[in-house]
Amino acid sequence: MTEAGQHQDIAALAKGGRTNFLGFLLRLAARLPFLLIAGRMYGAASLGRFASAMVVIELAGQLCTLGQKRGLAQRLSEDERNPDAESRPANVVADAMVLSSLLALLTGLFLFTFPKVMYPRGEFSEWDLLLPLAILPTTLTDVALSALAYRYDVATTVRSRSVVEPWTLSIAAGLLFFVVPEAGLPLSYLASIVTSGLVAWVALLRSYGLPRQWLPHPARIGRLALANLPLAAADAVEWGTRKLDIFILRFFVSDEVVGIYFVAQQVASLPQKLKTSFEPILGPVITRNLHEKNYPAIARQVRQVGFWIIAAQAGVALALGLPGEGVMGLVGPTFVGGTAALAFLLAAEVVAATAVVSEAALIYMARFRNLVVSLGTIALQAALTLAGIELVKDHGLSPLYMATIPAAALMVTLATASLIKSRILGDILGESVNNWRWPLAWAAIPAIAVGGVATGFLPEWAELLFGIPAILATYVWIIWHKGFGPEDRVLFRKNVGA
């Protein structure tokens with residue numbers, strides 16, 4: 001690939017990441033009202049039951065997508081080289097939709113029949129049994145957005161996932177509390193999933209149109225399922241590392257403690273969304289370079305995107321973690337007990353950046369090895385979590401200490417995965433994929449000092465109102481002047497060809 005082509009790839013990554021970063025900010029603005037409404041109006045126990053079900057619903061959604069969030073890009077890329085397939089892209093998407101729909105319907109029926117999978121304590125209402133209905137629209141929305149991302153349409157993902165979905169969730173949860181409070185959380189979630197899906201499906205029809213000369217065929221759908229199994233396993237394992245903590249915790253503590261941990265997890269997942277800002281674009285760019293066997297370009301893209309992600313995540317983690325008590329206290333006094341868990345979860349997101357971008361290439365270049373490492377990673381996380389919980393129980397400590405253990409285990413696990421996956425990818429490419437730069441530390445140290453002053457001398461309201469912007473401003477100024485070179489600043493420049 002020519003130097004101009006490599007620059008175009010970086011420009012495409014920057015444009016997609018910039019668009020989705022706007023989505024991250026919009027999602028942040030909408031997610032916080034939901035946490036405030038859910039925590040202060042519905043309470044920690046109701047939120048804990050909701051979280052207990054959600055962890056199963058999200059796993060079901062991942063499994064029913066069957067790896068097509070990333071596998072679809074590869075199939076469409078292969079289809080581009082077939083000159084006789086004028087109408088085939090819409091047919092490829094239709095096959096993916098049929099496969100995911102069948103799996104979603106079967107999974108939803110199973111969860112409706114055996115609700116204790118979602119609610120292990122057996123405490124649920126008839127309204128709570130509606131949640132499995134969200135699996136089908138969630139899965140079809142994921143497939144639609146993946147198809148649109150292949151054509152570099154990231155704006156629809158922003159509208160669907162970062163505007164319509166979270167704002168519908170927040171507004172519906174607030175209104176339904178005064179109408180049917182016992183059903184507010186499940187109904188608001190269903191409303192948010194359906195409305196965000198409508199945005200994606202309309203955009204998909206406009207971009208790809210309806211399939212032509214197409215009929216679903218069991219053999220073709222079956223081959224598609226088999227081809228996507230490695231990707232589906234990798235997606236499920238990645239989901240597991242992020243949700244295994246709540247999945248395990250809900251068997252050992254009350255719904256209230258699960259609710260506290262859920263809020264910490266939701267706050268910590270905000271910087272995780274920065275990672276997903278680049279995923280829709282990184283996959284198609286990597287697959288195109290793979291067909292050309294341009295390994296240096298892939299290494300360069302992984303290093304570049306990895307640095308962008310870790311730089312952004314570190315700044316957000318510092319801004320939310322240093323005044324952590326105040327951030328958790330916004331949701332309600334009960335939730336302050338989750339501050340330690342929040343700190344570990346934020347740190348986990350930072351150390352995970354290298355594993356995330358390395359896996360974006362490994363799923364195409366070394367699927368089996370990536371899967372083995374991922375399975376080993378989740379096994380390590382489960383072992384550390386269970387061992388830590390048993391240790392807390394043996395010493396008779398508060399359940400809130402027990403809620404800190406899964407977060408600490410996640411941090412250690414993701415750091416281990418980053419080291420191993422980056423080493424494997426570097427060996428395959430014959431190039432370094434290390435995205436660490438010392439200016440990250442130079443920016444973090446003064447930001448920590450500013451945060452210490454804010455939390456030590458300011459009242460809580462001022463700590464949040466002035467401390468968070470001051471921490472971010474200090475970090476951003478230093479990383480911009482000492483860490484970002486000309487190529488890094490492409491991320492913030494619309495006229496990337498200049």
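Analyst: A residue is called buried when its relative accessible area is under 20%, exposed when it is over 50%, and partly exposed in between, using a 1.4 Å probe and protein chains only. The model is predicted: local features need pLDDT of at least 70 and side-chain atom pairs count only at pLDDT 80 or more, while totals for chains, interfaces and linings use all residues. Residues are numbered from 1 along each chain as its sequence is written, and side-chain values use heavy atoms, with hydrogens and water left out.

By the buried criterion, S162 qualifies because its relative accessibility is 7%. S162 belongs to helix α6, residues 155-176; helices are DSSP runs of H or I with at least four residues, numbered from the N terminus.

In soluble globular proteins, nonpolar side chains tend to be buried together. Here the largest nonpolar core comprises 133 residues, a core being a set of buried Ala, Val, Leu, Ile, Met, Phe, Trp, Tyr and Cys residues joined through side-chain atoms within 4.5 Å. Helix α11, residues 295-321, gives the most to this core, supplying 15 residues. Y189 and Y475 have the most contacts inside the core. With neighbours within four places in sequence left aside, Y189 is in contact (heavy atoms within 4.5 Å) with F50, M54, I57, L131, A134, T138 and L169.

Terms used: Helix = DSSP H or I, 4+ residues; strand = E, 2+ residues; numbered from the N terminus.
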